[in-house]
Amino acid sequence: MDRKIILLVDDDFDDAEFFKWAMKGTEEAFAIKFVDSGDAALRLLSELDSLPDLILLDAGMPKMNGWELLNIIKQDLKFGNVPVIMMATSNALKGIDEANALGAVAYIVKPSDFSELQSIMKQLCIGVQTDLKSTLESLHSNLPENIFPFN
């Protein structure tokens, strides 16, 4: 069975570790690739034999921020159809609207509670295997302050 690939782009090593721990137990079905910058993400995307099934993208990174990277990804014919979820610590409407306008499938406010993060990640894994859009809508119903799916 081919494992699904989730690409996590986040400059905060601690956040990346929390995401990896939250996915513990999914290693048989998922490979999580981690890079700490937009430049590294673009390099990895061009080197991978198969595209990721989902990209989790931190909004606030130095040099190339998440918004700039999202814009580049969505304009590239090779990567443009990969679903991207923008992540940030803020639920500011400006960020949510920008993620939507740039083509993200959702915006997630990073939870501070590990069990909540674990639950979100497990649901996203199920969504990647089945129907990501429905999964995001279900997550929004349960966590309306944290999950913002787009059409």
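Student: What makes β1 and strand β2 (residues 30-35) a parallel pair?

Tutor: The two strands, β1 and β2, share six bridges in the parallel sense, and two strands count as paired if DSSP finds at least two bridges between them, so β1 and β2 are paired. V9 stands opposite V35 in β2. This is a predicted model, in which local features need pLDDT of at least 70, side-chain atom pairs count only at pLDDT 80 or more, and totals for chains, interfaces and linings use all residues. Residues are numbered from 1 along each chain as its sequence is written, and side-chain values use heavy atoms, with hydrogens and water left out.

Student: How do you know that strand β1 (residues 4-9) is mostly covered?

Tutor: Five of the six residues of β1 are buried, where buried means under 20% relative accessible area, exposed over 50% and partly exposed in between, with a 1.4 Å probe and protein chains only.

Student: Why is the unit of β1, helix α1 (residues 13-22) and β2 called right-handed?

Tutor: A crossover has that name if, with the strands pointing away from the viewer, the path from the first strand over the helix to the second runs clockwise; β1, α1 and β2 make such a right-handed β-α-β unit.

Student: Which residues line the largest pocket, by class?

Tutor: The lining has five nonpolar, two polar and three charged residues, with Asp, Glu, Lys and Arg counted as charged, Ala, Val, Leu, Ile, Met, Phe, Trp, Tyr, Cys and Pro as nonpolar, and the others, Gly among them, as polar. α1 gives the most to this lining, with three residues.

Key: Helices (H or I, at least four residues) and strands (E, at least two) are DSSP runs, numbered from the N terminus.
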